[in-house]
Amino acid sequence: MIGTRPVLSVENLSVEYEVGAGRFQAVSDVSLVIPRGRVVGIVGETGCGKSTLAQAIPRLLPEPPAHIRSGKVIFQGTDLVKVPRSKLPLVRGTGIGMIFQEPLNSLNPAFRVFDQIAESVQMRHWRETGVLPSFHPGPTPFDYSRRPMPETADVLTHPIIPPGAKDEVTRRVSTMTRADYRKEVLDYLRLVRINDPETILNLFPHELSGGMRQRIMIAMALSQKPALLIADEPTSALDVTIQAQVLTLMKELIDEVHASILYISHDLGVVAETADDLGVMYAGRLVEFGPVAEIFESPRHPYTKSLLRSIPTRYKSDWPMPTIPGSVPNLSQLPRGCRFHPRCSLAKPICSREPPPPLRVMAPVTGDETPHKSACHYAEEVANLP
Amino acid sequence: MASPQRPSVVRRFLQLAWRNSVALTRVLRANPLSFVGFVLVAITLILTVIVVVHPSLVVPYGASQNTGVYQEPPTILHWPPSIAHPFGTDQGGRDIYSDVMLALPLDLGIGIGIAGTSVLIGGFLGLVAGFWDKPGTAGGATSTVIMRTTDVFLAFPSLILALAIVASIGRGVWAAFLAIQTTWWPFYVRLVRGEVLAVKHLPYVTAARAAGVGEGRILTRHVLRNVMDPIIVYFTLDIGTVLVTFSTISFVGAGIPFPGPVPEWGSMMSFYQGAYLLSQYWWYITFPALAIFMTALAYSLLGDGLRDVLDPRTRRALTQSVTTHEPPPEEPPLQAATTETSEEEEAVEETEMRS
Amino acid sequence: MGRNLEDLLIFIGKRFLELLPVLLGVIVLTFLVTHVAAINPCPRWYPKGSPAVIAHCKAQFALPLYTQFWNYFSQLLSGNWGASQLGVPVLPVISSAVPATLELVLASMLLMVVIGIPLGVIAAQYSGRWGDHLVRILYLSGWSVPTYVGAVIAAVFLGPYLGLPTSHEYSTTSVPFPQYTHMSVLDAIIAGNFPYTIDAINHLILPASVLAFINMGIATRMTRATMLEVLPLDYVKAARMKGLSNFIVLYKHALRNALIATVTVLGLTAGGLLSGTVVIEEVFAWPGIGAYAFASLGGGGQPNFDGAIAVTIVFAIGVVIANLISDVLYGVLDPRVEWR
């Protein structure tokens, strides 16, 4: 796994916002790697920069207020930061796909379900047959080596072009009509476990429930078979029961499709279930990164440890509930040195003077290949914290 | 005097003035064009005051005065712009610059007067129609009557109705004023009513009611404060629009006669556009036209800048259904309804709260 | 969830019924303005009238109000819309003038949509930067220019400079084909006469452009405002993430939603456009109802009482219909509006 080129490699990415009163850094010096077929989760509190990070990777942030100050975003070998804006659409869709948080807002309210998914399918057809240019010509197959495919996911392995028939198919694909797309759209709707998808084809988003909208959003993204899927808190805005359903769906899809996913969430429990690797962000910085099991078992950053400790795990009356003292700093008034030091129980004088160290590799506890890194001066002593 | 709970009136006024000037600077900073508009508006107001109080400071000659009598030989007719006559003179020797300046108070006064009266009348009716509109009650019936009447008035293009009124009651300043006033107030009824309806059901108003706050206080504190925003925007914009409409009515011949005791830009243009060899004497109509244009542009720039800052509220009032007066359907799908504000928004809010 | 043709007709019908009281009110208000509010009307409406004419007029105004209203109302409904002082009946003139104005207004609206709305999109795209400022100066200038100033500048300076004709609908007064619709371009197309079609379009360009330029502001500004609201929303980002080009994201996905609100101000622009036709048609000698209004309301020194009443009502009907159209369009464009 590690030997092959990673799907995404973010190197020292910094994103700055220009607001009327000044500028502030929403993301500071973040580096992470998503190998093929891994699910990388990013957790953090509200305002820690994880959504900014998620949207900065495909350069979705509006450039006037937000600027990528420095760093690289290397997607399949191409540095997206250097790609001119006019060429960015070539990367998105079939290269990077994204699902959003708010089901109300993420589907276009003016178009029917069929039209929205058909548009995605159409884009992919045109890219793969060369009608439209793309950075990633040809289908980028997922790696299905983990287990044999169940039938519903067959749609993802259908070759679009029979080998040797490219020209004729190009012509045919360009003249594909609604009826031709219908079968594929229905297939994708079944992939996201919607029963009787024919009934919802002609509905508008406002006529559907939140969970249904989210599934459609997932179907839309998957129908373009992206090499990397970014999920920006896809279940945060749903009711808990619906959240569980969509989460189950995502886990099954991850297993079936073996996609590379960047999963953003503020919910540690959700991430624990879905992710292979986990990154913890605080005030714009990535403070810890490593395999999920290892981080949960032996966190190496005080913030992570406090976070894990503050999850109510059982229904017993552990009163008072453990919390992290203080509050998240204002991003335009960050503390000097380590950004977490005012709230840290391990804080020493050096933490307020020196800028926080870069992520250092820790000795692994579990046997996973992903290195466990932590950005703390006293990472080894974190294990001794209560 | 200041009591422990309520700060004194003076203090509150100062706070309000401070907050409003901060808001004003926000508007001006937001948009360089609105700053230009603000400067121009200030200029027009200052000039108006000067012309009214101490005209000889800026106006060398009297209204429609034949300046030729002062010259040797005693004929200065249709001279192009020069140092002595910055806008030139017309075929009767009148200094166009003086006439343009002397017309400023009248035109601007009419603009502000009509816009202001419309705000008062329309605003009052809109408040009534918005607040007491429960169907089946006396208030509801009043509200319906008000809205239907407003609809009828709004059905006429303003110029047509104004011209019809002037044709019926004769020409002159007051006739034109009345005519335009009659067509202008209905817009504010819809504006204010829309805003009142939108605010009436906001959670914090309901909470205030539940806490026992009286209706009158709710009206003044909560509703009015929200209603003021679109009113300010459209009041400013309307000063320019009324000016343009008034000059059009004068142009059609329904306003104040020119030459006469009081010049007025529109009637000046009406008089000159029939002048002999107009294309040779281009300065006749150019300067009154420029005066109208620059003044209207000034208020439009300022108003548009204000509208940028206060936009969601002005939109709400404008986008009601014109036939059924229903507000547009539920707002969430057209508004950001994210449960988690992005870092950018939080930072913007924080910096704004601090400033 | 009915959104088929039958539901649409019901929707239109319901909206139309709501308008009937307004139409009635229009008739009543016109009566109030012309008959009740009139101060010494007879010399003003008949400035060169013979004593007999003035006496007849005074007798009409001396009748009790309800009689006056009854005469007025029944005449309107029966189609007897009176005549001018010279005896030219009003109704035939209006029925041939209305389509001409309609052509002008439609051409202006087309220009406003084709130019004004993309300008609004550009202003939203470059919000706060020079593109935004340029667009703003453009539409605010249009708004601040009095109609006749713009019309005179266009007719006297722009027309000759661009080589565009500045009066009437055709270059010749007698047109070699019958005018069924009284809409110049349409008539020429129906007659299959290509040179005259081009001629008619040339004549249409200047007056329609001036009208559009002056009234463009509302549409542009509304488009800009709604686009600014729509552009940060997630579904626009989702559209970008589908790999669609910027143009498609803006004009297919974002604008489609932004236009919903823009359409509601169509009624406002209709009022402005119709007001503008009064002066534009006069300056460009366009044989429409605006010029007729200009003349009837005393513009040329020959007021026309019956004509004035008729044009006032017709203009109001025009605005009302425009409002109806904008309401229906809103119901069509916004999928959340129920039709039944």
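In this predicted model, helices α4(B) and α6(B) are oblique to each other, where angles under 35 degrees count as roughly parallel, over 145 as roughly antiparallel, 65 to 115 as roughly perpendicular and the rest as oblique. Helix α4 (residues 138-154) of chain B and helix α6 (residues 173-200) of chain B pack at an angle of about 135°, and their axes lie 9 Å apart. Such axes are lines fitted to C-alpha atoms, for helices over the stretch in contact, with angles running from 0 to 180 degrees between N-to-C directions. The crossing of α4(B) past α6(B) is left-handed, a term used if the near helix is turned anticlockwise from the far one by less than a right angle, and right-handed if clockwise. On the side of α4(B), the contact is made by Ile146(B), Thr150(B), Phe153(B) and Leu154(B), and on the side of α6(B) by Thr183(B), Pro186(B), Phe187(B), Val189(B) and Arg190(B); two residues are in contact if their C-beta atoms, placed from the backbone, lie within 7 Å. Sorted by class, this contact of α4(B) with α6(B) has six nonpolar, two polar and one charged residues, where Ala, Val, Leu, Ile, Met, Phe, Trp, Tyr, Cys and Pro count as nonpolar, Asp, Glu, Lys and Arg as charged, and the others, Gly among them, as polar.

Residues are numbered from 1 along each chain as its sequence is written, while chains are lettered from A and ligands numbered from 1 in the order in which they are written. As the model is predicted, local features need pLDDT of at least 70 and side-chain atom pairs count only at pLDDT 80 or more, whereas totals for chains, interfaces and linings use all residues.

Chain B as a whole has 12 helices and zero strands, helices (H or I, at least four residues) and strands (E, at least two) being DSSP runs numbered from the N terminus. Of the 355 residues in chain B, 48% are buried; a residue is buried if 20 or more other C-beta atoms lie within 10 Å of its own, exposed if 12 or fewer, and partly exposed in between, with C-beta atoms placed from the backbone. Among the contacts in chain B between residues at least 6 apart in sequence, 68% join residues at least 24 apart.

The contact between chain B and chain C takes 47 residues from chain B and 62 residues from chain C. On the side of chain B, at least two residues each are supplied by α2 (32-53), α4, α5 (158-169), α8 (215-251), α10 (283-309) and α11 (311-318), and the largest share, nine residues, comes from α5(B). The side of chain B that touches chain C has 27 nonpolar, 15 polar and five charged residues.

Within chain C, the axes of helix α13 (residues 289-296) and helix α14 (residues 305-333) come within 9 Å and cross at roughly 140°, which makes α13(C) oblique to α14(C). The crossing of these two helices, α13(C) and α14(C), is left-handed. Ile289(C), Tyr292(C), Ala293(C) and Ser296(C) in α13(C) meet Gly307(C), Ala308(C), Val311(C) and Val314(C) in α14(C), so that by class the contact has six nonpolar, two polar and no charged residues.Another helix of chain C, α10 (residues 234-241), is largely enclosed by the rest of the structure, because eight of its eight residues are buried. The buried residues of α10(C) pack against β6 (96-99) and α3 (103-106) of chain A together with α9 (194-230) and α11 (246-263) of chain C. After α10(C) comes Gly243(C), whose phi is positive, near 85°.

Chain A has 12 helices and 12 strands, and buried residues make up 48% of its 386 residues. Strands of a sheet pair through backbone hydrogen bonds, either parallel or antiparallel. Here, two strands pair if DSSP finds at least two bridges between them. An open sheet of four strands in chain A has the order β2-β1-β4-β5, with antiparallel pairing, and its edge strands, β2 (22-34) and β5 (78-79), each pair on one side only. Strand β4 (residues 66-75) of chain A pairs with β5(A) in the antiparallel sense over two bridges, and Ile74(A) has Asp79(A) in β5(A) as its bridge partner.

Strand β8 (residues 260-265) of chain A is mostly covered, with six of its six residues buried. From β8(A), Ser260(A), Leu262(A) and Ile264(A) point one way, while Ile261(A), Tyr263(A) and Ser265(A) point the other way. Strand β3 (residues 39-43) of chain A pairs with β8(A) in the parallel sense over five bridges, Ile42(A) having Ile264(A) as its bridge partner. Five bridges also join strand β7 (residues 228-232) of chain A to β8(A), and these strands run parallel, with Ile230(A) opposite Leu262(A).
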